[in-house]
Amino acid sequence: MSDERRPNRHMRLTLRIWRQPDASADGGMRTYEVEDISPDMSFLEMLDTLNETLIERGEEPVAFDHDCREGICGACGMVINGQAHGPERTTTCQLHMRHFSDGDTIDVEPWRAAAFPVVRDLVVDRSALDRVIGAGGYITAPTGSAPEAHATAVPKPAADAAFTHAECIGCGACVAACPNGSAMLFTSAKVNHLNVLPQGAPERESRVLGMVEQMDAEGFGGCTLTGECATACPKGIPMPSIAAMNREYLRAAAKR
Amino acid sequence: MVRAVRTVLTMATATRTPAPQRTPPGPPRRPGLVRTLWGSTLGKKAVMAVSGLIMLAYLVAHMLGNLKVFFGPEEMNGYAHWLRTLGEPVLHYAWFLWLVRVVLLAAVVLHGVSAYQLSRRDIAARPVTYQHRRPRASYATRTMRWGGIILALFLVWHILDLTTGTVNPRGQAGHPYENIVAGFRNWYADVIYIVAVLAVGLHIRHGFWSAAQTLGVTRPGAARLFKGGADVLALAITVGFLSVPVGVMTGLVD
């Protein structure tokens, strides 16, 4: 459909974006105007448009993380109008500008958590999540070529539960949305993903104990069951995932 | 040749998952159960859940006992006396009550200390707030901390009022009915009590369902039961406790 037939397609927006030159510098919200934003653009493409004009004007472009731009890598986290990944239940790269209106003012901020220091502008260091994985979010087994699929029988409900939890892309939206900056939903997804499978059973206890210990050591807050995390999660990791990890943890703690 | 084999072996091991640094499989080297639980956020939450459930069980019994006030001074005071003779002759006079008080004190202290430490941690975990604020969570969820502080302060007042009788206008031991009526004739005693009862209702509404999740209730059927149970309990306890000052204020209890 051509632009002539849809004359009011393009939007003009006011953006208030967190700018911070580096981790140690003070930051603040800065206001920018963007024009000619198509409703079919993704939020990141809108930011690309802004950055092009900033570069043309000789200003520093807004730094933000992004990689796959198809909603599976979890790199593109930012808080849009107070919501992790913005108003839709998806990643920022899959959020389209049609969910905003012409003339809107949009606030864009980085993930806020003590465990996620700001690197620059909207980029935060999420390696704390990697260290939680490193404390048990794997199976200690020689890898190599894929094993024969029928060698280990997995009950269908266990496979379904594992897949649900395996959807977590580690974007950190749960931490950003939680008023306590807690990584419980992330950690529970990773713990449950492996603990429900027979392959994960040998390290079932050390996994949950180690990952929770690391999660606490990284300075994430505790869970007060507000449910903000599961509401923000672009992959729909469900709230009962947290209760399931609590059960695993208490079981493991009692068993040792 | 040997070098080639070693290279292949190195590559083979390199493709394996790196050995865990923090949780080596094999000999257990972790601290005991109590230290593990007290040292982790999940463990402290479990302490809060269990101590909260103990206090909740007491509150249900307490609320039902309070309803005796509607059956007159003899029944109320007789019930209060029976509580002190409960367990006799195995227990000495009032020992049962003191056992309950010791358990409750331990529950209050553990609940409060855990809440304080976890809250400090939670606040530190979000040092910078968002510029764009939006309403978050339910009222019951947001008021857990302040509600808890209100309840702790009320406990002090409540014990001075109706246990020791220090701040009660009558304060006569063995006559709870008369003390209750005398106390609730003061408007400020009513206000303090009503605020505290509303706070405890909200606290239970979020707390009971949270305790269930903290202790690992995951099955959908059980989850529905606990979630609904939280609302029912909160409402029953609020209405039950409110009925006493309302009864005195309306002259139903005299």
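Begin with the lining of the second largest pocket: its residues divide into 10 nonpolar, 8 polar and 4 charged. Keep in mind that this is a predicted model. In total, 22 residues line this pocket. Find its centre first. L225(A), H206(B), W209(B), Q213(B) and K227(B) lie nearest to that point. The space inside comes to about 490 Å³.

Of the contributors, α10(B) gives the most, with 5 residues.

Now turn to the interior. In soluble globular proteins, nonpolar side chains tend to be buried together. Here the largest nonpolar core has 47 residues. Look for W111(A), F116(A), L185(A), V208(A), M215(A), F220(A) and I242(A), which have the most contacts inside this core. Several helices of chain A give two or more residues to the core, among them α2 (127-134), α5 (184-195), α6 (204-217) and α8 (240-255). Both domain 1 (11-119) and domain 2 (126-255) of chain A provide at least three residues.

Zoom in on F220(A). Set aside its neighbours within four places in sequence. In chain A, F220(A) is then in contact with residues including F116(A), L129(A), V132(A) and M215(A). In chain B, F220(A) is in contact with R121(B) and A125(B).

Technical notes: Residues are numbered from 1 along each chain as its sequence is written. Chains are lettered from A and ligands numbered from 1 in the order in which they are written. This is a predicted model: local features need pLDDT of at least 70, side-chain atom pairs count only at pLDDT 80 or more; totals for chains, interfaces and linings use all residues. Side-chain values use heavy atoms; hydrogens and water are left out. A nonpolar core is a set of buried Ala, Val, Leu, Ile, Met, Phe, Trp, Tyr and Cys residues joined through side-chain atoms within 4.5 Å. Buried means under 20% relative accessible area, exposed over 50%, partly exposed in between (1.4 Å probe, protein chains only). Helices (H or I, at least four residues) and strands (E, at least two) are DSSP runs, numbered from the N terminus. Domain bounds come from an automatic or database domain assignment. Contact means heavy atoms within 4.5 Å. On a 1 Å grid over the protein atoms alone, a cavity is a set of points where a 1.4 Å probe fits but cannot get out, and a pocket is an open set with protein on both sides within 12 Å along at least five of seven lines; lining residues have an atom within 4 Å of a point. Grid points are joined across faces, edges and corners, and a volume is the space filled by probe spheres set on the points. Ala, Val, Leu, Ile, Met, Phe, Trp, Tyr, Cys and Pro count as nonpolar, Asp, Glu, Lys and Arg as charged, and the others, Gly among them, as polar.
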